[in-house]
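This report is an introduction to the structure shown below.

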Amino acid sequence: MEGYGGPLARRLEAVGSCLESEGVASREVFLRLVDKTPREEYGDYGFPLMRFAGGRDLEGVLSKVKDCVEALGVNGVSLSIHRGFLNLKFNEDIIGGEAISLYEKGWRVDVIKVGGAEAKNIVVEHTSANPVHPLHIGHARNASLGDTLARMLEARGHRVVRRYYVNDVGRQMAVVVYGFKMLNTTPRDVAATLKTKVDHAIGWVYALTHTAVDFALARKNMIEEDLNLLASTLARLRERGSPELADKIIGAVLSLEDPEAEVSKIMLRYEMGLEPEKSLVRSIAEAALEGFRETLEKLGVEFDYWDWESDIVWSGLLAGVLNELSRSGFTKVHKGTVALDTAAVIRDVVEGDSVLRESIKLPRGFEVPPMVLYRSDGTTLYWTRDIAYSIYKFQHSKADRVINVVAVEQKLPQLQIRLALAAIGRVREAANMIHYEYEMVNLPGRAMSGRRGEYVTLDELLEEAEARAFYEVKARNPDLEEETARNIARKVAAGAIRFSLVQPGALKPLTFDTAKVLNFEENTGPYLQYTHARASNILEKHGPIKYELANPKTYSEPLRRNILITALAYPMISAKAADELRPEDLAAYLLKLADIFNKWYQKDSVIHEKDPGAREAKATLVKLVKDTLSSGLTLLGVTPLERM
RNA sequence: GGGCCCGUAGCUCAGCCAGGAUAGAGCGCCGGCCUCCUAAGCCGGCGGUCGGGGGUUCAAAUCCCCCCGGGCCCGCCA
């Protein structure tokens with residue numbers, strides 16, 4: 001049953017094919033535009049036929065399509081015209097009967113799979129936080145979106161590879177290494193002293209060192225205002241961690257004439273792969289990543305590959321790409337260093353290729369600034385290395401598409417990287433590198449800053465959510481064992497956070513309200529988990545469903561009918577959400593389904609139903625809802641719960 | 001100055017790409033519902049000049065133009 005979308009999809013596809021053969025609208029357009037009607041009396045689904053009729057008599061089109069659908073042997077759907085819309089109404093007896101017998105044969109609710117050649121190799125690169133401070137809520141949005149996209153595309157039938165890019169080459173990493181050098185100790189030791197996770201310890205050293213270096217710089221330049229601010233930041237960080245260790249770092253930094261130079265030296269030597277910087281950077285970054293993995297696991301996020309930026313440099317891949325770039329003739333000297341002449345690339349490569357122009361997303365009338373490729377000291381820049389990494393992602397995974405889940409503020413560098421790829425003749429890669437952009441997450445009342453140690457960590461948030469969820473679970477199930485309740489609380493907490501970050505569109509700036517996410521009584525992930533638990537509970541009490549007894553005629557009751565029609569749309573809805581990279585559509589759909597189910601739950605008992613035909617039909621409906629929620633929640637990375 | 005994104009109910013948002021049927025949810029607020037499958041639920045009520053103005057169209061929240069407000073970017077940071 002590969003690619004089979006169930007009783008509803010089959011009928012919609014038939015109507016679409018008939019519209020196509022009648023020359024009214026393509027099947028694809030029909031499936032894209034057909035949607036639930038605003039009012040029940042019109043039918044279940046409607047399609048704005050008047051847009052496509054082009055003066056043809058709509059009633060005439062209707063009767064032709066009707067004949068066509070009938071000729072295809074498709075029953076259970078009736079067609080009508082109302083105010084220019086082609087409306088479809090399903091026969092719940094036939095549709096429901098079909099669903100019941102499918103279940104009997106072991107059908108599983110699932111996303112419609114793409115067929116053979118349509119299945120692509122897709123790389124999703126996401127999270128990729130620098131290993132210099134713990135993950136915070138912004139990274140959680142990235143991870144939730146990225147992981148959900150990966151899950152949806154995989155369920156759609158694509159071959160998906162999840163990659164994490166470890167940025168260990170830049171200045172940030174050098175700063176933290178400089179800090180540890182002065183302490184002459186390891187992240188693990190600092191973590192033991194501070195009694196924190198190792199990535200939190202690294203974040204503390206990073207913030208302290210960075211601020212101390214900035215302080216030294218401000219002192220040199222005699223900027224009074226900055227000095228005061230930086231001094232108070234240092235004092236705050238010192239108190240929050242270990243004053244002794246803090247004084248060691250601050251003292252060492254301030255004793256130097258030019259601490260910046262020390263940082264640059266570390267950066268330069270690491271990029272060249274020299275010891276001891278090489279093992280120092282690696283061991284610190286590795287320790288931070290260990291902390292990240294622990295946090296991400298709680299959110300159900302895993303990666304197939306952890307790609308080190310330094311490996312891109314040391315393997316010679318970067319040098320090769322730089323060589324290609326310089327031979328391309330698209331580089332020029334800009335402000336005393338080498339830059340990619342983006343204007344020339346646009347003029348000579350992009351303008352003449354309308355497909356490329358479209359896919360590369362070049363804003364009209366926008367002059368793309370030249371892309372500086374090297375610092376004056378000869379080291380490379382983040383985006384320069386990212387050009388090489390982009391090629392690596394395509395090559396290593398034999399990727400057809402690469403999706404980069406990267407914050408919207410990196411829009412320009414992402415565009416410049418696509419231009420660089422085009423410049424060296426990698427037009428296919430340029431056109432298939434997708435920047436999935438998302439807006440920043442703000443905290444009410446304050447800005448986040450890793451450099452100053454100003455952030456709410458994901459670990460803290462998870463802990464708080466777990467505690468709150470545990471309290472709620474215990475209140476509802478006093479008899480539940482400690483460990484079971486704890487486990488449920490963990491899933492509820494993670495589900496609440498993931499759902500809240502994926503539900504709004506990615507381009508909505510998000511103000512993260514902790515209290516709101518932890519309030520489980522809203523329209524949230526826990527609400528869906530709860531609905532799933534209710535459905536599970538019914539099925540558990542009901543026992544095995546006797547499909548042969550189930551009477552689909554009982555689906556004529558309006559609420560049951562609504563659930564049937566809504567639930568059976570899942571294979572199509574989820575497929576579309578995957579194709580359009582819109583997890584928020586899936587989230588909205590699941591909420592809708594849960595709403596209808598809960599409404600029904602309130603007034604129509606399953607296990608107290610006397611009539612066996614009705615009872616088994618209802619139980620089948622419950623199973624349909626449960627399976628649908630289970631599949632959809634899993635795609636969103638929210639664990640479906642049997643009990644809560 | 002230039003480019004992009006956002007602006008819809010008191011709050012958070014969906015609908016805009018592909019114009020059409022009385023603009024939808026949730027929260028909050030007010031009032032109800034647990035001898036009956038889990039009340040993290042359900043029912044009822046209040047609440048909108050779709051930021052403003054112009055244009056295209058039989059039809060505009062949706063398309064085009066101008067303006068206003070907020071955000072991001074235009075670094076030899078990432």
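## Overall chain

Of the 644 residues in chain A, 55% count as buried, meaning under 20% relative accessible area with a 1.4 Å probe and protein chains only, whereas exposed means over 50% and partly exposed lies in between. The model is predicted: local features need pLDDT of at least 70 and side-chain atom pairs count only at pLDDT 80 or more, while totals for chains, interfaces and linings use all residues. Residues are numbered from 1 along each chain as its sequence is written, chains are lettered from A and ligands numbered from 1 in the order written, and side-chain values use heavy atoms, without hydrogens and water.

The C-alpha trace of chain A spans about 85 × 70 × 40 Å along its principal axes.

## Domains

An automatic or database assignment divides chain A into domain 1 (6-90), domain 2 (118-168 + 309-442), domain 3 (171-288) and domain 4 (458-635). Taken over C-alpha atoms, the centres of domain 3 and domain 4 are 47 Å apart.

## Nonpolar cores

A nonpolar core is a set of buried Ala, Val, Leu, Ile, Met, Phe, Trp, Tyr and Cys residues joined through side-chain atoms within 4.5 Å. The largest has 123 residues, and Val176, Val190, Trp204, Leu325, Val345 and Ile387 touch the most other members. Helix α9 (residues 198-220) gives the most to this core, 13 residues; helices are DSSP runs of H or I, at least four residues, numbered from the N terminus. Another core, apart from that one, has 99 residues, including Leu49 and Ala594.

## Leucine 274

Leucine 274 sits in the loop between α12 (259-271) and α13 (277-298). This residue counts as partly exposed because its relative accessibility is 31%.

Technical notes
Helix = DSSP H or I, 4+ residues; strand = E, 2+ residues; numbered from the N terminus.
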